[in-house]
Amino acid sequence: MYSILEEILPAVPLNTQVADTLTKEQEKDLVVRCQDGDKHAMEALILHYQQWVYNIAYGILGTREDASDMAQEVFLWLWENIGQFRFRSRFSTWLYRIVTNRCINVKDQKKRRQTDAMEIDDSQPWAPIDTETPEKSVLRLEQREILQKALTELKDDYRQVLVLREMQDLSYEELAEVIGCSVGRVKSKLHEARKALRELVLQFS
Amino acid sequence: MSHNRIQKQLSAYLDDQLSPESRARVETHLSSCDECVEMLSDFQRNRQSIGALRHEAPPIAELVLPQLPDRGPVRRSFLPSIEEIRQWIFRPVMGGTFAVVSACLLFALVYFNLTPTSDDSLDLYLSEHTQYSVYYSTQSDGATDSIDSNGIPSATNVEDDTNFFLGVYLGD
């Protein structure tokens, strides 16, 4: 990943920190090159954002397969439609908005197709974060399943705000831009979402 | 501050989004309220659990890059997309403002379309009448003689006024 970024942005010495957070200028440069049809720039953008896009999709859609499909779909769409980005906000904010909106649309379509609650992805359980004792691991898996079930039961806008905040650690200002509301509204929405999730987790425990 | 108001601030407290004063108030309340402590602890635990859902993505770039078609520069859009317009309009504040402005414009449109436009002949009359009044008051040797105590012109003057207007208006 870093070698590609170094190649694309030779002026900036890239280390892990820089690669994790592109500056506004670097981001703009990559987007302009993508708009001009530069596939290397697109590759750098994908490498930089794939983890974030995938995890947002995973948080909202709930399965690895759906998240992977969604991430691919988003980047393919991006290649064709990157001209729609008008540099009025950070590219990352724009991309988050696209991903969350598309995920919510897909979820809505799925809901219409099936009345059952979303299936738990048993075939590919959550990857363990660290080495644990079997007992702890079972407990953790159980907690995750409860959390996942609670997340699927949450209202779409609550799930969106929680995933963006807790998984992606977006600031309140970034959240306001992605969701399209005021910072004050983000504050209250986040509280409502956390409260609703807590009630669901307690209900399923 | 009441228990409910403090409770509403727990989320912002967790995210370190409170002013030092509000933070101190919440902490004081937490020292004596088990319910809020429990809620905060649940918020914290759920936050960690959601954070733990993060994991390594599959090699998306490897899957996507071979599918990207070659293309030249794309057309850059200077107009907002439908999605952006939709999001802008449906913001609560913007939505309300948009509704009020639309209602005002609609009202103005209906009102001014239904109200007759000003009559040119009346305008002409008024302007000529003003000129005539000035002329009359300077020419007559006593304008006050022709106005009664209530400030209303005498019948003779009104008649003269009308004749003069007709003369001007009909082009005599």
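Accessible areas here come from the Shrake-Rupley method with a 1.4 Å probe, and for residues only the protein chains shown count as cover. Before going on, some ground rules: this is a predicted model, where local features need pLDDT of at least 70 and side-chain atom pairs count only at pLDDT 80 or more, while totals for chains, interfaces and linings use all residues. Residues are numbered from 1 along each chain as its sequence is written, chains are lettered from A and ligands numbered from 1 in the order in which they are written, and side-chain values use heavy atoms, with hydrogens and water left out.

### The two chains

Chain A contains ten helices and zero strands. Helices (H or I, at least four residues) and strands (E, at least two) are DSSP runs, numbered from the N terminus. Of the 205 residues in chain A, 52% are buried. Buried means under 20% relative accessible area, exposed means over 50%, and partly exposed is in between (1.4 Å probe, protein chains only). Take the contacts in chain A with a separation of 6 or more: 63% of them are between residues 24 or more positions apart. A contact means heavy atoms within 4.5 Å.

Now for chain B, which has nine helices and zero strands. Here buried residues make up 26% of the 172 residues. For chain B, residues 24 or more positions apart account for 47% of the contacts with a separation of 6 or more. The accessible surface of chain B is about 12,200 Å², with 60% of it belonging to carbon and sulfur atoms.

### Salt bridges

Over all chains, the count comes to 17 salt bridges. The rule is a side-chain nitrogen of Lys or Arg within 4 Å of a carboxyl oxygen of Asp or Glu. Three of them are set out here.

| Pair | N to O distance |
|---|---|
| A:E27 and A:R90 | 2.9 Å |
| B:R47 and B:D15 | 3.0 Å |
| B:R23 and B:E27 | 3.7 Å |

Start with the salt bridge between A:E27 and A:R90. A:E27 lies in helix α3 (residues 24-35) of chain A and A:R90 in the loop between α5 (64-81) and α6 (91-113), so the pair ties together parts that are 63 residues apart in sequence. A:E27 is buried, at 3% relative accessible area, whereas A:R90 is partly exposed, at 29%.

Over in chain B, B:R47 pairs with B:D15 in a salt bridge. This one also links distant parts of the chain: B:R47 sits in helix α4 (residues 34-51), B:D15 sits in the loop between α2 (10-14) and α3 (20-30), and the two are 32 residues apart. B:R47 counts as buried because its relative accessible area is 18%, and B:D15 is buried too, at 6%.

B:R23 is partly exposed, with a relative accessible area of 25%, and B:E27 is partly exposed at 37%. Elsewhere, salt bridges with shared partners join A:R165, A:E166, A:R194, B:D15 and B:R47 into one network.

### Surface patches

A patch of positive charge on the surface brings together A:K195, B:R5, B:K8 and B:R25. Patches are made of residues with over 30% relative accessible area and no salt bridge; like charges are joined within 9 Å and nonpolar side chains (Val, Leu, Ile, Met, Phe, Trp, Tyr) within 5 Å. Lys and Arg count as positive and Asp and Glu as negative, with His and the chain ends not counted. A charge is placed at NZ of Lys, CZ of Arg, CG of Asp or CD of Glu. A:K195 is found in helix α10 (residues 183-204) of chain A, and with 31% relative accessibility it counts as partly exposed.

There's a nonpolar patch on the surface as well: B:L106, B:L109 and B:V110, with about 300 Å² of accessible area together. B:L109 belongs to helix α7 (residues 92-114) of chain B and is exposed, at 56% relative accessibility.

### Around B:H3

B:H3 is in helix α1 (residues 3-8) of chain B and is partly exposed, with a relative accessible area of 25%. Leaving aside neighbours within four places in sequence, B:H3 contacts B:H29, B:C33, B:E35 and B:C36. B:H3 and B:H29 are 26 residues apart in sequence, with their C-alpha atoms 7.9 Å apart in space.
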